[in-house]
Amino acid sequence: MTINPPSYSAPWIDRAVAWMFRRWLLIVNGLLGIYAGLPWLSPWLKANGHPLAGEIIFRIYTPLCHQRPERSFCFCGYQVAFCHRCTSFYGGLFIAGVLFSFARRWIRPVSLRFGVFLLLPMTLDAGSHMINDILHLGWRSGGDDIGSLNFWLRIITGALAALAVLLVVYPRLDRELPAQAPLIGSPGTYEAT
């Protein structure tokens, strides 16, 4: 079965998509750098005379993270806009993505099963925290201070989850997206089986 190509001609869209496919890692690393960096900009802005701008950034992250003060870093005397685990996951994913850009030719994708294995500790840690917080069971009574067992569990499980994404997803994207770039906009692109 053949699908007719769109009747309009927009080669600039094809070129833009092909460019993004070839440079996917630069784009992802840039977006992750912004996403992982903005929560740290919030307290810096508050401490340097821009409380409204800092608060806006903080509020943008409110639906994305629980932002519990006892489970978040402080910077310049103000709370960072996301928690230890989010800091570890997104910061770790950004750092791993930058390192991947240098080592990409040697890193092969791992199995999905291994990726799930790396995600399991975070699922158990975050799940036990959530159940404990909702039901007030006292399971996680080790404290939340930096250096406590709970702190290290959040940091390590966030980093393992970032590693899972890096090892499962990034090599596959690195193989598939650049390979698809030359095909974008070609007549065979619209054929379906």
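Modeller: Happy to! Let us take α2, whose buried residues are Trp24, Leu25, Asn29, Leu32, Ala36, Pro39, Ser42, Pro43, Leu45 and Lys46; buried means under 20% relative accessible area, with a 1.4 Å probe and protein chains only. These residues pack against α1 (11-22), α3 (51-61), β1 (72-75), β2 (78-83), α4 (84-103) and α7 (170-180), where contact means heavy atoms within 4.5 Å.

Before going on, a word on the basis: this is a predicted model, in which local features need pLDDT of at least 70 and side-chain atom pairs count only at pLDDT 80 or more, while totals for chains, interfaces and linings use all residues. Residues are numbered from 1 along each chain as its sequence is written, and side-chain values use heavy atoms, with hydrogens and water left out. Helices (H or I, at least four residues) and strands (E, at least two) are DSSP runs, numbered from the N terminus.

Now the helix axis. α2 covers residues 24-47, and its 24 residues should span 34 Å at 1.5 Å a residue, which agrees with the 35 Å between its end C-alpha atoms; the expected span is 1.5 Å times one less than the number of residues. There is a bend of about 35° at Leu38, with a proline, Pro39, following within four residues. That bend is the angle between axes fitted to the seven residues ending at a residue and the seven starting there. After α2 comes Gly49, with a positive phi near 85°.

One of the packing partners, α4, also holds His84. His84 counts as buried because its relative accessibility is 0%.

Methods. Buried < 20%, exposed > 50% of the residue type's maximum accessible area, 1.4 Å probe, protein only.
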